[in-house]
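Subject: Structure handover

Hello,

Please find the structure below. My notes on it follow.

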Amino acid sequence: MDFKFTEAQLMLQNVAKEFAEKEVLPLADIIDREHRYPAETFAKMAEIGFTGIGTPVEYGGSGGNDIDKAIIVSELAKKCASTAAILSIHTIFAQAILKFGNEEQKKQYLPLMAEGGWLGAFALTEPNAGSDAAAARTTAILDEATGEYVLNGTKCFISGGGKANAIIVFALTDPSKGLKGMSGIIVEKGTPGFTIGKIENKMGLHGSETVELIFDNCRVPKANLLGKEGRGFGMAMTCLDGARIGVGAQAVGIAEGALEESVKYMHERVQFGKPIAALQGVGWYVADMATKIEAAKWLVFYAAWLKSTGQNHTQVAAMAKYNASICAREVTNLALQIHGGYGYMNDYPLERMYRDAKITEIYEGTSEIHKLVISRSVLG
Ligand code: COS
């Protein structure tokens, strides 16, 4: 067993830490208050190679694996959960193309996504198909005459969907077969018949836009089919297994950021004639926070290690995300409590962290879905 990051991973962590401090933190409150997508930060993440993390160098990427990705995402999330989410979700597109795409699709999309000119997204959820993803009803019927899929339906709660240049949309190419008739189709921004609907007004993660996607006789070439027809549901689940590690890393980062803020505050804030760090009761909060974070962190990195070494990671990824998201909620709650009235005001970043933490228990699968995945796996 070896619980140490390699030299290269430690260097990457330092680069990510510096980037988060210098480029991400100054915008964190601004994008939160203005509900604004940080395009300039995304461009800088492209320059530094973060947008190509996990994509092989031969396709324009930076190489690296899921451990590297988790390192970057958690460092970004310490300062700004929105920025971490944008990167994490963007990389799902490339991961799906890498795993299921053909050579033309890899050559066409991976360099664009890795070099950061293009943003990617992933669309599975529908108004009546959230946790029950198999209930999705968007269709993509092949028009044999033109060799195009014709998409009809609505996807909702799609992170980054409004800004994405290309999206993997899961739709029924054979509705009579239910989930066995679902396929992944690549839809590019600007395709006639594809429009952005409602832009959601959310509790947190304001820098990461969440939108509705509307497909109204939207025609895409047959060549945009990802993998084989009818394999879409399994592909979506595989992608979500990876995405859940990303959310886990994001949750760990949010919690670590909240602990850092709390430690700083506890040394500065004087009550009853001494810094509150000297008060045993408050110190116990810190003990709880640090313990929860340590446990959550290593479960996330265990899941990332399983994935990056090609092992089955469905159960551990679900455990890692389930546990880390509880950790993020509980730790940000304690951090806010430590800050007292100041924590409730938006002069301090705690109220943003608290709001941002909550989504980690919901998106890329709710905690209840993870318990379902874990229990099915344990029970056999
Ligand atoms: N990896 C690969 N394939 C998987 C898989 C995984 N992790 N999980 C399930 N599958 C496959 C199964 O093997 C099965 O295929 P076969 O019929 O060929 O055996 C198929 O998918 C159906 O699996 P299952 O019967 O488990 O499907 P359910 O309808 O019971 O749903 C859950 C499974 C609930 C786990 C799924 O719907 C889910 O993850 N829901 C949450 C969705 C979500 O996270 N959304 C977030 C937003 S995405 S924009």
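**Lysine 155**

Leaving aside residues up to four places away in sequence, lysine 155 touches Ala123, Leu124, Thr125, Glu126, Ala136, Thr138, Val169, Phe170, Val211, Glu212, Leu213 and Phe215, where contact means heavy atoms within 4.5 Å. Before the rest, a note on the source: this is a predicted model, in which local features need pLDDT of at least 70 and side-chain atom pairs count only at pLDDT 80 or more, while totals for chains, interfaces and linings use all residues. Residues are numbered from 1 along each chain as its sequence is written, and side-chain values use heavy atoms, with hydrogens and water left out.

Lysine 155 sits in strand β3 (residues 148-159); helices (H or I, at least four residues) and strands (E, at least two) are DSSP runs, numbered from the N terminus. Its relative accessible area is 0%, so lysine 155 is buried (buried means under 20% relative accessible area, exposed over 50%, partly exposed in between, with a 1.4 Å probe and protein chains only). The side chain of lysine 155 makes a polar contact of 2.8 Å with the side chain of glutamate 126. A polar atom of the lysine 155 side chain also lies 2.9 Å from the backbone oxygen of leucine 124. A polar contact is a pair of N or O atoms within 3.5 Å; within protein, one must be able to donate a hydrogen and the other to accept it, and residues adjacent in sequence count only if both atoms are side-chain atoms.

An N or O atom in the side chain of lysine 180 is 2.6 Å from an oxygen atom of the ligand. For the side chain of arginine 244, the corresponding distance to a ligand oxygen is 2.8 Å. Glycine 365 has a backbone N or O atom 3.1 Å from an oxygen atom of the ligand. On its own the ligand has 1,000 Å² of accessible area, and the protein covers 66% of that (Shrake-Rupley method, 1.4 Å probe; for residues, only the protein chains shown count as cover).

Helix α6 (residues 232-268) has 37 residues, which at 1.5 Å a residue should span 54 Å; the end C-alpha atoms are 53 Å apart, which agrees. The expected span is 1.5 Å times one less than the number of residues. Of the 37 residues of α6, 29 are buried, so the helix is largely enclosed by the rest of the structure.

Most residues other than glycine have a negative phi. Asparagine 217, in strand β7 (residues 210-221), has a positive phi near 50°. With a relative accessible area of 47%, asparagine 217 is partly exposed. Phenylalanine 272 has a positive phi near 55° and lies in the loop between β9 (270-271) and β10 (274-275). Its relative accessible area is 75%, so phenylalanine 272 is exposed.

Regards
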